[in-house]
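Trainee: Please show me how to read side-chain features in a model.
Mentor: Take the structure below, and we will go feature by feature.

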Amino acid sequence: MASDYGDESGEKMLDSFARFAERHGEWAMRQRASDLHDAFENAKQSARELSCDAAAPWEEPKEWAKLDMSEFQAFEGYEDIKEIVEAKLRAHGVEPTWFADQETGKEYLLFRIKDAREVWNSLDELSREVEPAAEKAAERCRQQAREKGRLEDERPLEQRAEEAREASRALEAERAPGLERDRAERAIETRVK
């Protein structure tokens with residue numbers, strides 16, 4: 001995938017999605033991909049605004065800009081996302097710096113104002129790469145399942161658990177009332193001997 005995108009961010013994204021799908025299932029991974037796409041779009045818009053603000057002649061030029069990454073911090077695997085963003089920015093010639101504000105708990109991506117357009121382009125590319133990476137990760141997971149000789153159940157874990165509880169209750173209801181008594185008597189007999 002790195003060759004598909006010309007840098008390593010695409011491969012990192014694919015690996016991140018595949019690991020997430022293995023832990024949480026394909027449906028959860030696709031939901032995460034959709035949310036991540038939205039976060040990249042929001043960050044792209046913020047970077048674009050910073051780019052436009054930097055060009056305004058009536059303001060004093062700033063040297064640095066900061067992009068709030070709190071939307072990304074909410075994601076499981078935030079460190080993976082940071083690596084993906086860093087790889088894409090470096091591919092565009094931008095050297096990112098991270099600043100963690102201890103008071104607010106937020107983290108910011110710092111970059112030079114002159115690089116705002118490249119940051120915007122990088123985030124745009126990442127938002128477009130999310131869906132293809134999610135598709136490839138899903139296919140990779142299905143392929144691994146086929147190789148193991150089984151297909152993964154794509155239903156959410158909560159739904160599978162509820163169906164298992166219902167099946168257990170049905171089995172309990174079918175169980176003969178005297179069966180429990182027989183087991184209890186055998187247990188007493190075993191302890192007595």
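Trainee: Which side chains does a polar contact of 2.7 Å join?
Mentor: A polar contact is a pair of N or O atoms within 3.5 Å; within protein, one must be able to donate a hydrogen and the other to accept it, and residues adjacent in sequence count only if both atoms are side-chain atoms. Here the 2.7 Å contact runs between serine 127 and glutamate 41. This is a predicted model: local features need pLDDT of at least 70, side-chain atom pairs count only at pLDDT 80 or more, and totals for chains, interfaces and linings use all residues. Residues are numbered from 1 along each chain as its sequence is written, and side-chain values use heavy atoms, leaving out hydrogens and water.

Trainee: Is serine 127 buried or exposed?
Mentor: Buried means under 20% relative accessible area, exposed over 50%, partly exposed in between (1.4 Å probe, protein chains only). Serine 127 has 2%, so it is buried.

Trainee: Which aromatic pair does phenylalanine 40 form with phenylalanine 72: stacked or tilted?
Mentor: Rings of Phe, Tyr and Trp (its six-membered ring) pair if their centres lie within 6.5 Å; planes under 30 degrees apart count as stacked, over 60 as edge-to-face and the rest as tilted. The whole structure has three aromatic pairs. Phenylalanine 40 and phenylalanine 72 are tilted, 5.2 Å centre to centre with 50° between the planes. Both phenylalanine 40 and phenylalanine 72 are buried.

Trainee: Why is the pair of phenylalanine 99 and tyrosine 108 stacked?
Mentor: Their planes are at 25°, so the pair counts as stacked; the centres are 6.5 Å apart.
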